[in-house]
Amino acid sequence: MNELVISIKNAYKKFGEQVVLNDVSLEIYKGRIYGIIGRNGSGKTVLFKSICGFILLDSGEITVLDKVIGKDVDMPKNVGLIIETPGFLKDYSAYWNLKFLADLNKKITNDDIKNAIRRVGLNPDDKKAVGKYSLGMRQRLGIAQAIMENPDILVLDEPFNALDEKSVEKVKKIIKQRAEAGALIIVSCHDREILDQIA
């Protein structure tokens, strides 16, 4: 199981005069859950965006599955992610939001979509527009989107934000199940106790 999936070497990124990532190096292996904790503004989200190819480093290198981000590929494949507040089409239901996204890759069935929605405690047959969802419901839908295609890599930036206790337990269970299935999970969280339980 000691398969290296993500290698970060001397990652450096600054915005203006502010250095956000300063010589960060990590090796991240398959089938494990890695927890990242840090105060607001410490660079967690920038690191995650760099891994996913949304932000390019000023220097250093990030390799995902032997492909250098920004050189060999723009973005890594087979990654499920939740970074910052999930954005959805507000006038459509949870199911139709995920269906639009699933149709881009054509990897999963309608039943797979519905199952992902159920796993986070939402009703896939509910016609309610996502724009009328609470913040916690949108967060859960974002997690359903991240897991629906059973990705090999999950990048979850503060996935427990706005979740009630019951939903936190559901998401912890989902994360552990994905790791047991061989996925690599990187999760940031400001709650050290939650990370100690899963990472």
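Trainee: What percentage of the 199 residues in the protein do buried residues make up?

Mentor: Buried means under 20% relative accessible area, with a 1.4 Å probe and protein chains only. Here buried residues make up 45% of the 199. This is a predicted model, in which local features need pLDDT of at least 70 and side-chain atom pairs count only at pLDDT 80 or more, while totals for chains, interfaces and linings use all residues. Residues are numbered from 1 along each chain as its sequence is written, and side-chain values use heavy atoms, leaving out hydrogens and water.

Trainee: How many helices and strands does the protein have?

Mentor: Helices (H or I, at least four residues) and strands (E, at least two) are DSSP runs, numbered from the N terminus. The protein has six helices and eight strands. Their order from the N terminus is β-β-β-α-β-β-β-α-α-α-β-α-β-α.

Trainee: Why is strand β8 said to be largely enclosed by the rest of the structure?

Mentor: Strand β8 covers residues 184–188, and five of its five residues are buried, so the rest of the structure largely encloses it. L184, I186 and S188 point one way from β8, I185 and V187 the other way, and all are buried.

Trainee: Which strands are joined to β8 by bridges?

Mentor: Two strands pair if DSSP finds at least two bridges between them. Strand β3 (residues 33–36) runs parallel to β8, joined by four bridges. I36 has S188 as its bridge partner in β8. Strand β7 (residues 153–157) also pairs with β8 in the parallel sense, over five bridges. There I153 stands opposite L184 of β8.

Terms used:
Buried < 20%, exposed > 50% of the residue type's maximum accessible area, 1.4 Å probe, protein only.
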